[in-house]
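Reader: Please take a close look at one part of this model and then follow the account wherever it leads. I would like the cut-offs behind each term as you go.

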Amino acid sequence: MEEVKNNKITDKIWDFFASVKLAIIIFALIAITSIIGTIIEQRAEPAKNIEVLTKLFGESLAPGLYTIFEKLGFMDMYRSWWFIALLVLFSVNIVICSLERLPRIWKLVKEPIGPMSEEQLKKFPIKRELILKGKIDKVRETITGAIKASGFKNYKENKEEKSLQFFAQKGNYSRLGVYLTHFSILIILAGAILGMSLGFKGYLNLPEGARSNVAFSYNGKEIPLGFNIRCDNFDVEFYGRSDMPKEYRSWLTIIENGREVLQKSIVVNDPLTYKGVTFYQSSYGLITENFNRGIFILRIVSGDSQISNLNLRAGDTFQIPGTSISGKIIDFSPALKIDRHGHAFTYANQMNNPAVYIDFSESGKQLLSGWILKRHPETWQLPGGHRVEFLDYWGVEFTGLQVRKDPGVWVVYLGCIAMSAGLFIAFFMSHRKIWVKAIEEKNNTRLLIGAFSNKSSVAYERKIDRLVSVINKRQEGGK
Amino acid sequence: MDSSFFFGLSTMAYILAMIIYITYIAFKKNQIGILATTVTIIGFVSQTLAITLRWKEFADFIGMGFIRSAPLTNLYESLVFFVWCLILGYLIIEFKFKNRSFGAFITPIAGLALAFIDISGMSKEIQPLVPALQSNWLLAHVVMSFIGYAAFALSFSTGLMYLIMTTEKRNGSSYIFWTLTFGIFLIVLISMGIDFLKFHVVVKPEIFIKSYMFKTSFLNPSSVVKAISWITAIIIFFIIWRYGHILKTVIEKFNITPEMLDEITYKSIAVGFPIFTLGGLILGAIWADQAWGVYWSWDPKETWSLITWFIYAFYLHSRMIRGWRGKKVAIVSVIGFMAVIFTYLGVNLLLSGLHSYGSA
Ligand code: HEM
């Protein structure tokens, strides 16, 4: 690996940065220091990490250690000056190492191969010798056919005295796979830097019915979006009767210059992007101060199938169409549960099981009253075949959106593709060369095969054996 | 016949295969070897059936389409898939290298892992997916990660065998390294086995590790038991250290050369590394990007995957430095797999216990 030792100081520095030794030292340093950030919670409240340190080192040492660790940047270590410096060193290492080696590798890629002498061929790691019946002219087709069949399309031919030599190479460019891999790391880092300098990350809690033209960064600053986004509705779907959410969905509209330009409903794993800004479904919650100001969306179906769709508020009354029965909305619970004694209570501060309490009366006379639950259609049924469908309580939930703009993400993805391709080439492809020398001896032809691969010679050797058996078979068939 | 029938069948097949492989090593009869391979293949086929059936059961249960229902949502299911990859990898090596001796190492791992899953009662428990997990990227991510892990597991066992075969002196650092590694694995397995026997727990693994693991031994409330456990552990270490050479003679019987072990270690990592890079790191990042809009957030799980990746990069590059081939790189391959295990188990189980945000 090592070159002839250079003595000039600049050469020494160059060699230092070009060495694989430095690379593995950096690998070790990055791996070991990264552990710190998995033990100490990053960018957390001090109290949290003092607790962690107390668990690990005891009460007396924790506060002192915390101060030291904070000075060392451990509380946000992946952004600390020394970790960044490590990454810079790593990139410099890759660049210099590649610059050092690429010219030589490029030569190996581009270099045409030439004919070999018999002595040279006998020194090859993979070599075969066989005798074919007949003169060169007769077996020529057999040989070239076999060479082509093993994937060497562009073979060259060299006429020598009393012999003929074929040679070919393929996969020259596979030698560059490693460099593609190395280069892809730089692309990914560049993409990350691009994203950090030109993009932003933030969040937006948007109540149903509300709109906003800003998002908020995690330290509370407003980030202008350049357009408006409105949440038309939010809903959670659960697995069966359980409280395990199956899907959160927000119906969003983008409004620009007073016009609705885009509408989409988003779920986790299926975000909305407009003008480079992407909105991800991330959380949801109740707006407590709006709690009594929401709108009940009901669908009333009378016994003789007259339907009315209603939007009501707490305290409103409605009529079942075609009857003199009226209902009055008395109470609401976002998550109703009935305990063993039959008492209803609210068990969660989320819309897990929305329920509305309605008093029904007929011409002023109290008829019945009870809870109607959104998730339990059997509670919608009233005596007399009437039905009150509780479809939604709208305007009391907010959808929690992550908002991101990252113009570097495509660069990162490009780097990822390059890395995958590079690794695939580096490990599963190789630069292979083959020489077949046909020497005429009396009425026979002696074949001398030499082959070389820059890696995994076992697999290549098997391939050469197959080539030999193809030649043998064709020769027998040809007679 | 449902999935649990075929799980049981494959468990038995693997354990039976282990016995036949050991017999094969003892008698070196070709017919016995063929029988061992056949039984392993039967185990593999029935495990494939079991996974497919469970997949279908899961799909019927959550009703979200076939792709989304891959049975890879919890620790146990992924362990089953890991065993499947491991056996597949082993069978490939057996056919490529025409050597059956590793079977005696791999089939007990497979059999024990499946038996462990069976006692802990996992195969009946079906959990629906929370929204963040409903992603095709996630499926590809998990599947490829585990194929990578299985390749790394193979390199771990051949790396360890390499060390066992090539170390002579008891006070040499490589010898001490492998006896320690081996000892820790053995002790953790034994003490977890005791925990299972003592508590008969049928709970989720996360809960098991938090509330039961080592409670019979190292974390026992009684300090006497605690002391006895530590002394036993030290004795086990000592015995392995003192009589480690016996293992060496056993492995030498397999007619495997250290060069072959070194080559298999490299080949496994050469297959595992690109698959893990694409599956574990890149697809994981794409999934996170789709779900939360951050492709890399330095959370402990991601960071540990990256640490694992750097250790294997270390392995690949250190092979190019003079004087590193052989024992040193074998040690790196062993450390690499320890990082894999920590990424998979330790992060959820140990680190999340340290942080109050806990069970996520
Ligand atoms: C994490 C970052 C890196 C990754 C993923 C990576 C990946 C690889 C891979 C996969 C190979 C092929 C190994 C094989 O075929 O066995 C390789 C070779 C190599 N790497 Fe890296 N590498 C990284 C960083 C570096 C750095 C920082 C250097 C700086 C010196 C470096 C220098 C080399 C050299 C000299 C080779 C041999 C090239 C050849 O065979 O012509 N690598 N690298």
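Author: In chain A, strand β11 (residues 295–301) pairs with β12(A) in the antiparallel sense over 6 bridges, where two strands count as paired if DSSP finds at least two bridges between them, and where strands (E, at least two residues) and helices (H or I, at least four residues) are DSSP runs numbered from the N terminus. The model is a predicted one, in which local features need pLDDT of at least 70 and side-chain atom pairs count only at pLDDT 80 or more, while totals for chains, interfaces and linings use all residues. Residues are numbered from 1 along each chain as its sequence is written, chains are lettered from A and ligands numbered from 1 in the order in which they are written, and side-chain values use heavy atoms, with hydrogens and water left out.

Within this pairing, A:Phe296 stands opposite A:Leu312 of β12(A). The two strands belong to an open, antiparallel sheet of 3 strands in chain A, ordered β12-β11-β19; its edge strands, each pairing on one side only, are β12 (307–312) and β19 (387–394).

The ligand site is a separate topic. Its iron atom is coordinated at 1.9 Å by A:His182 (NE2) and B:His317 (NE2), donors being N, O and S atoms within 2.8 Å of the metal (3.2 Å for Na, K and Ca). The 6 donor atoms make angles of 85 to 179°, and the site is octahedral, a label that six donors receive if opposite ones are over 155 degrees apart and all others between 65 and 115. The histidine pair crosses between chains, from helix α8 (residues 177–198) of chain A to helix α10 (residues 300–318) of chain B. A:His182 is buried at a relative accessible area of 18%, and B:His317 is buried at 16%, buried meaning under 20% (1.4 Å probe, protein chains only).

Residues from chains A and B surround the ligand, so the site is shared between chains. Among the 23 residues around the ligand, A:Cys97, A:His182, A:Ile185, B:Tyr266 and B:His317 come nearest, a residue being near if one of its heavy atoms lies within 4 Å. An N or O atom in the side chain of B:Tyr266 is 2.8 Å from an oxygen atom of the ligand.

Definitions and conventions. Tetrahedral: all angles 85-135°; square planar, octahedral: opposite > 155°, others 65-115°. Buried < 20%, exposed > 50% of the residue type's maximum accessible area, 1.4 Å probe, protein only. Polar contact = N/O pair within 3.5 Å; in protein donor to acceptor, adjacent residues only side chain to side chain.
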